[in-house]
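Reader: I would like to go through some features of this model one at a time. Please give the general idea before each case.

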Amino acid sequence: MDLFGTDLPVDDGFAWCDAPFLQALKQGDWVLLDEINLASQSVLEGLNSCLDHRGTVYISELDREFTLSPGFRLFAAQNPLGQGGGRKGLPRSFVNRFTQVYMDELTRDDLQIICDNIYRQHPSIERVLEFNWRMHSATMVKRLFGSSGAPWEFNLRDVSRFMELALTESPLEQSPKPVDEFIEMLYVHRMRTQQDRSHVVDLYNEVFGTKLTLSTPSLHITEQALQVGNAVLPRRAENARITRLRSLHSQLPYMESLMKCIEMRWMAIMVGPAGSGKTSLVRWLANATGNKLVEFSMNSGVDTSEILGGFEQVDMQRHHLALVRKIGKLVNLAVFASGYQDTEQLAHLCSVYHATRRCTRPRDLCALVEQISSSLVNIADESFMQLLGEIQQEMSEFAALEVAGKFEWVDGILVDALLNGHWLLIDRANLCSASVLDRLNGLLEPNGVLYVNEDPKRQDAIVPHANFRIIMAVDPQYGELSRAMRNRGIEICVLPAESSECRVDDQAMVARAIGVSSTLLSGDVAPQANLTGIVQYAMQLAERTQRGAVAVNEEAGADEMESLVSLVVDPVDSMVSVAAWQSELIRH
């Protein structure tokens, strides 16, 4: 949608719809244009007449001129040009129309005053502030360490997150909570090299006066919960699926940090080269906890319509598939609620569900839904009844749907995940334009919401579902996210295991998942490869075994592994990714 509005589909064709800026201009509201140095030149030129002596806006599509209402006020905000992310310098003629106010960074005393008023003299606040301030000084002022991944932001957001973790009730009922857990998650795992992480540990020891020990947490899983170290997430057992993914020993510390982000409803930014296992880590966690994971791979051509949604012609097939997916979810809930006792009823439900997939006429689909609901009258589960009501309402709308010459708004992946409580994994997020990702800034704030101004029927903000989580995956080889986006998330850099014992354990786990003996993986050569190389090698051994080939001895295995290592040293040349080997792993 343009700055002032555009023609959008309505019931009888197309009609002009005012954009929020034009609505505010008419009503005399205040407007804040955030990240204005990411706006296009056409948007900036459209504001000129609002900011000079004319105080009017002319819209050629309507052939009308609108005068600014007396109470209308315009504010703009931007991050400095030097922070990158697609930001550009504004024309001097445009900037001169504003009263410019430069906001300095918060000083150590400012942070102290803010935290004293919010956290009421918490016993750890002094040392936390001192540690955060010295991290900023060491990495950004003195540049003693942290050059890989710089520039860094250590500010009020980090202190607030630390205190939120300290004040939030833990399901493990630990009191007081271990401070080293927060340091590892918020500071140590952000660093991109083992040497930088050692510097962070030394700084912690100096400020807090205790020794920080980084150990591998243990994993416990039950029907009700998943626990890794001090992080605990509830499991939705009815949605859990059998998978060949495995939790690797060397990735458990990163798993614990990721689970803490999920628990606190913070965005996690998984950082690491291709083949490091960051995407599979998220997949395993989503599957283990029974949450639906929606994956979206970014590229430089993605725009906001692919994330938020847009207008498309009414498609009966799209509505039919959406209903079938909901019916499948309803049957799954019914099967879980029945405790798998009545086998005849379960068989009947499955046969009816498969009939809905083949059904094409709305009348027949309605009859099948009524058949399912009549056979499940004894189920009183709240989520089941709510879903059944939604399906029945959508069925009535589907039966009355008109197709010819009609357009409708179709939600994008982000809006759909927000409304339905799915986990959203944005892979290769750093390949996307900052002007697209920064639309999420308001959503990523505490108690954030999302405005979709492109949809005229959705005037109110979208409040995220309680189960919604957003995770980004970044390969730093292709650049970084904007500093504003990085500061709104928790960076977790996945590094290869330091211990050879951990590497051997991981290789054995991968080999068993694929179905080959771990002894065939060479211990002295295999650690040089990333997870992609290990999986490729193991899959080749599995294929040879299935074909009845001669067993591979250790010397030959080492030679083949060395050739595979040469393939995966440069992921760009080999075109290998975690998604590729994961799909192959499932296929086999």
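**Exposed and buried residues**

Author: Leu32 counts as exposed because its relative accessibility is 57%; exposed means over 50% relative accessible area, buried under 20%, and partly exposed in between (1.4 Å probe, protein chains only). The model is predicted, with local features needing pLDDT of at least 70 and side-chain atom pairs pLDDT 80 or more, while totals for chains, interfaces and linings use all residues. Residues are numbered from 1 along each chain as its sequence is written, and side-chain values use heavy atoms, without hydrogens and water.

Reader: In which strand is Leu32 found?

Author: Strands are DSSP runs of E with at least two residues, and helices are runs of H or I with at least four, numbered from the N terminus. Leu32 is in strand 3 (residues 30-33).

Reader: Is Ile470 buried or exposed?

Author: Ile470 counts as buried, because its relative accessibility is 6%. Ile470 belongs to strand 15 (residues 469-474).

Reader: Which residues is Ile470 in contact with, leaving aside neighbours within four places in sequence?

Author: Contact means heavy atoms within 4.5 Å. For Ile470 the partners are Trp266, Met267, Ala268, Leu424, Ile426, Leu440 and Leu444. The C-alpha atoms of Ile470 and Leu424 are 4.8 Å apart, with the two residues 46 apart along the chain.

Reader: Which residues of helix 4 are buried?

Author: In helix 4 (residues 108-119), the buried residues are Arg108, Leu111, Gln112, Cys115 and Tyr119. They line one face of helix 4, because down its axis they fall within an arc of 100°, taken from the directions from the helix axis to the C-beta atoms. Exposed Asp109 and Ile113 are on the face turned away from the buried side of helix 4.

Conventions. The expected span of a helix is 1.5 Å times one less than its number of residues.
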